[in-house]
Amino acid sequence: MPEFNPAKIVEEIKRLFNDKGNAMYAGEPVTQTEHALQAAYSAEHAGESPELIVAALLHDIGHLLHKHDENCATQGIDDLHETIGAQWLIQYFQQEVTEPIRLHVDAKRYRCATDKQYHSQLSPASVLSLQLQGGPFDQREVELFENNRWAESALRLRSWDEAAKIPDYETPELEYFLTYVQSVLKQQAL
Ligand code: FE
């Protein structure tokens, strides 16, 4: 079990964004960091809990952790970033943060199965990754997803994720959202 030191964990997250966050978010006109900040900003704007704001900020941290190159989807590789991210975060964060992240790809597969409009609005990069991620859910998978207690949060996270692709959109800086990370971690330490 790694040492639970909120300040150190925040530093580690900051280092990941500083080292790899300037890479483009594959196939989209924003960097990984811009994407994360825009998603977190939408969650904050929606009046969500600090845990879900943190989930929005860190939902793609798996992209900063894995060793595939950014465009691996074009080579037919599913990077499993939602699993990699959630597994890493579970060392430090509670399910309120980690489960919506683990389910944010499932949320896409669910919406594609249940909302025809939605599929047609996906970006080309998202359509490509959807195929590698298993495509739209079948009926049984839809039911299983609906019974998951984190499904609602994951669907909301998904909508901020999809909106977070606007070039040059102004948001608060990473430091600002890291205060949410710090406060969620401190809360857990109590
Ligand atoms: Fe994303």
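Predicted model: local features only at pLDDT ≥ 70, side-chain atom pairs only at ≥ 80, totals over all residues.
His104 is placed in helix 7, which covers residues 104-114. With a relative accessible area of 1%, His104 is buried, since residues count as buried under 20%. The side chain of His104 reaches the backbone oxygen of Ile101 at a distance of 2.7 Å. When residues up to four places away in sequence are not counted, the residues touched by His104 are His59, Asp60, His81, Glu82, Leu157, Arg158 and Asp161.

The largest pocket holds about 390 Å³ of space. Helix 7, in which His104 lies, is among the elements that give two or more residues to the lining of this pocket, together with helix 9 (124-132) and helix 11 (151-163). Helix 9 provides the largest share of the lining, namely five residues. In total 27 residues line the largest pocket, and those that lie nearest its centre are Ala26, His63, Ala73, Ala125 and Ser129. By residue class, the lining of the largest pocket divides into nine nonpolar, nine polar and nine charged residues.

A search of the whole structure finds 11 salt bridges, of which several are described here in turn. In one of them, Glu11 is paired with Lys14, and the closest N and O atoms are 4.0 Å apart. Both residues belong to helix 1 (residues 6-20), where, because they are three residues apart, they are separated by about one helical turn. An α-helix has 3.6 residues a turn, so residues three or four places apart point the same way. Glu11 is partly exposed, with a relative accessible area of 44%, and Lys14 also counts as partly exposed, at 22% relative accessibility.

A second salt bridge is formed by Lys165 with Glu28, in which the closest N and O atoms are 3.3 Å apart. This pair links distant parts of the chain, 137 residues apart, with Lys165 in the loop between helix 11 and helix 12 (174-189) and Glu28 in the loop between helix 1 and helix 2 (32-45). Lys165 is buried, with a relative accessible area of 14%, and Glu28 is likewise buried, with a relative accessible area of 10%.

The side chains of Glu48 and Arg156 also meet in a salt bridge, with an N to O distance of 2.8 Å. Distant parts of the chain are again linked by this pair, since Glu48 lies in the loop between helix 2 and helix 3 (50-58) and Arg156 lies in helix 11, 108 residues apart. Glu48 counts as buried, at 18% relative accessibility, whereas Arg156 is partly exposed, with a relative accessible area of 32%. Elsewhere, salt bridges that share partners join Glu11, Lys14 and Glu175 into one network.

Helix 11, which carries Arg156, also contains Glu152. At 52% relative accessibility, Glu152 counts as exposed, because the limit for that class is over 50%. Glu152 and Ala107 are 45 residues apart in sequence, and their C-alpha atoms are 8.9 Å apart in space.

Gln91 is partly exposed, with a relative accessible area of 26%, and a polar atom of the Gln91 side chain lies 2.9 Å from the backbone oxygen of Trp88. Gln91 and Phe4 are 87 residues apart in sequence and 8.7 Å apart in space, C-alpha to C-alpha.

Helix 3 is largely enclosed by the rest of the structure, because seven of its nine residues are buried. The buried residues of helix 3 are Leu52, Ile53, Val54, Ala55, Ala56, Leu57 and Leu58.

Key
Residues numbered from 1 in each chain as written. Heavy atoms only, no water. Helix = DSSP H or I, 4+ residues; strand = E, 2+ residues; numbered from the N terminus. Buried < 20%, exposed > 50% of the residue type's maximum accessible area, 1.4 Å probe, protein only. Polar contact = N/O pair within 3.5 Å; in protein donor to acceptor, adjacent residues only side chain to side chain. Contact = heavy atoms within 4.5 Å. 1 Å grid on protein atoms, 1.4 Å probe; cavity = no way out; pocket = protein on both sides within 12 Å on 5 of 7 lines; lining within 4 Å. Points joined across faces, edges and corners; volume = space filled by probe spheres on them. Nonpolar A, V, L, I, M, F, W, Y, C, P; charged D, E, K, R; others polar.
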